Amino acid sequence: TFFKNYYDLLEKKNLKILDVGGALTVFTRILSEIHDFTLCEIFNYETKKQISYFKKTKIVNYDWINHKFGFYDIIVANDLFPNVDQRLELFLLKALPHCKELRISLTVDNNENFYNVKRVRGNELMCLKGMNGECVYNILKKYLKNINKLNLDELNYNKDSLWNNGRQVFLLKIR
């Protein structure tokens, strides 16, 4: 999905792009040079020195929910929803009115996988379950006029995964 979300942007110029959770990559630097490119990312692993290599990139180092969305030609969210961030519905509500095109990869878990996690603020242990195809479909149908083009059977597909936990990843472009 990374290739499909970003590659054609290397051939275009002067678009206003917001990349939500896209991390620092070689593409970040290139896209910053040819577009009005903003990266909205919570940096958990990167050091200040690593971030400083991206001087030409507009970087907002906080949660996307706190970002004041302007209007963008394209908003990209790659490998974020709903596996890392389960606020898919909030994101669609906030992002869709602010772009001509939304590119989002959706990770669907039809294998009932769950993850034990610890809250950042506090000692509470939680168990998070990945969203299955039906859950993602029900969220999307609230926001997509042509939901019939998105087949629930495809989102519930549960074979031939490239990943050990059996998850499926779908690319969705909304214009």
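The report below looks at helices, aromatic rings and charged side chains in turn.

## The model

Please keep in mind that this is a predicted model. The values that follow are computed from its atoms.

Let us begin with helix 2, which spans residues 26-34. Its N-terminal end is capped by Thr-25, where a side-chain oxygen is 3.1 Å away from the backbone nitrogen of Phe-27. Within helix 2, the buried residues are Thr-28, Leu-31, Ser-32 and Ile-34. Among the elements that cover these buried residues are helix 1 and strand 2 (36-40).

Helix 5, residues 133-140, has buried residues as well: Gly-133, Val-136, Tyr-137, Ile-139 and Leu-140. Because they span an arc of only 160° around the axis, they lie on the same side of helix 5. The N-terminal end of helix 5 is capped too, here by Asn-132, with 3.3 Å between a side-chain oxygen and the backbone nitrogen of Glu-134.

## Aromatic rings

The model holds six aromatic pairs. One of them joins Phe-2 and Tyr-6, in a tilted arrangement with 4.6 Å from centre to centre and 35° between the planes. The tilted label follows because that angle falls between the limits of 30 degrees for stacked and 60 for edge-to-face. Both residues belong to helix 1 (residues 2-6), where they are four residues apart, or about one turn of the helix.

The charged end of Lys-16 sits over the ring of Tyr-72, at 5.2 Å from the ring centre.

## Salt bridges across the chain

Side chains of opposite charge can pair when their charged atoms come close. How many salt bridges does a search of the whole structure find? The count is eleven.

One of these joins Asp-36 and Lys-58, whose closest N and O atoms are 2.4 Å apart. It links distant parts of the chain, since Asp-36 is in strand 2 and Lys-58 is in strand 3 (residues 58-60), 22 residues apart. Asp-36 is partly exposed, with 30% relative accessible area, and Lys-58 is partly exposed at 44%. Another salt bridge connects Glu-89 and Lys-142, at 3.0 Å from N to O. This pair also links distant parts of the chain: Glu-89 is in helix 4 (residues 88-95), and Lys-142 is in the loop between helix 5 and helix 6 (152-155), 53 residues apart. Here Glu-89 is partly exposed at 28%, while Lys-142 is exposed at 55%.

Methods
Residues numbered from 1 in each chain as written. Predicted model: local features only at pLDDT ≥ 70, side-chain atom pairs only at ≥ 80, totals over all residues. Heavy atoms only, no water. Buried < 20%, exposed > 50% of the residue type's maximum accessible area, 1.4 Å probe, protein only. Helix = DSSP H or I, 4+ residues; strand = E, 2+ residues; numbered from the N terminus. Arc of directions from axis to C-beta. Polar contact = N/O pair within 3.5 Å; in protein donor to acceptor, adjacent residues only side chain to side chain. Phe/Tyr/Trp six-rings, centres within 6.5 Å; stacked < 30°, edge-to-face > 60°. Lys NZ or Arg CZ within 6 Å of the ring centre and 35° of its normal. Contact = heavy atoms within 4.5 Å. Salt bridge = Lys/Arg side-chain N within 4 Å of Asp/Glu carboxyl O.
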